[in-house]
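Subject: Structure handover

Hello,

I am passing on the structure we talked about. Please look through it first; my notes on what was found follow below.

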Amino acid sequence: KHVLIYTFLALSTVKEAGKDLTYLIVVLIGLGVTGGLLYVVLQELFSSSSPNEVYSKAFNEARLHPEVIGVFGEPIKCFGETSRRGRRQQVSHGTMHTESKENPETGKLEFRYILVEVDTYPRRTIVIVDNR
């Protein structure tokens, strides 16, 4: 009798340990996925080459340009494109086009070009930066 009881207890303990190990693996995978998502979000928000950062730097360059100030006046506001369901219904007076990349030597963002197309009469393109 003692041998059978001991064997039953040992199998039960192994079964519980297996469940615990499975739960531990699931929790570790969940923590890994959460950590990865958090890294991607923080990288996107605070990276110097994130689209939001490029947008902000290009707008700051354009809004300080004397010709842009002469055409649009001050203060100048800039909004990203809105979709059909977007809430912004402002009238567009110009479109900014830019291309940039990170300099491998300095690690800083460098603009290849920043152009502002004026949509009102007379239509023209204001060149802010042109390193093509």
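**What was found**

In the hairpin formed by β1 and β2, six residues lie between the strands, and G107 takes a positive phi near 80 degrees. Please keep in mind that this is a predicted model.

One of the pairs to look up is T95, whose bridge partner in β2 is E117.

On to the next pairing. Strand β2, residues 109–118, also pairs with β3, again in the antiparallel sense, over six bridges. Here Y113 has D130 of β3 as its bridge partner.

Taken together, the three strands make an open sheet in the order β1-β2-β3, with antiparallel pairing. Its edge strands are β1 (94–102) and β3 (124–130), each of which pairs on one side only. On average, neighbouring strands of the sheet are turned by 10 degrees against each other, direction ignored.

Which helix packs on this sheet? That is α2, residues 51–63, which touches β1, β2 and β3. The direction of α2 makes about 60 degrees with that of β2.

One item comes from a record. UniProt, in an unreviewed entry, places the feature "transmembrane region" at residues 21–42. In the model, this span is 100% helix and 0% strand, and the C-alpha atoms at its ends lie 31 Å apart.

Regards

Methods:
Residues numbered from 1 in each chain as written. Predicted model: local features only at pLDDT ≥ 70, side-chain atom pairs only at ≥ 80, totals over all residues. Heavy atoms only, no water. Pairing = 2+ DSSP bridges. Helix = DSSP H or I, 4+ residues; strand = E, 2+ residues; numbered from the N terminus. Axes fitted to C-alpha atoms, helices over the stretch in contact; angles between N-to-C directions. Contact = heavy atoms within 4.5 Å. UniProt positions renumbered as here; feature names shortened; annotations may be inferred.
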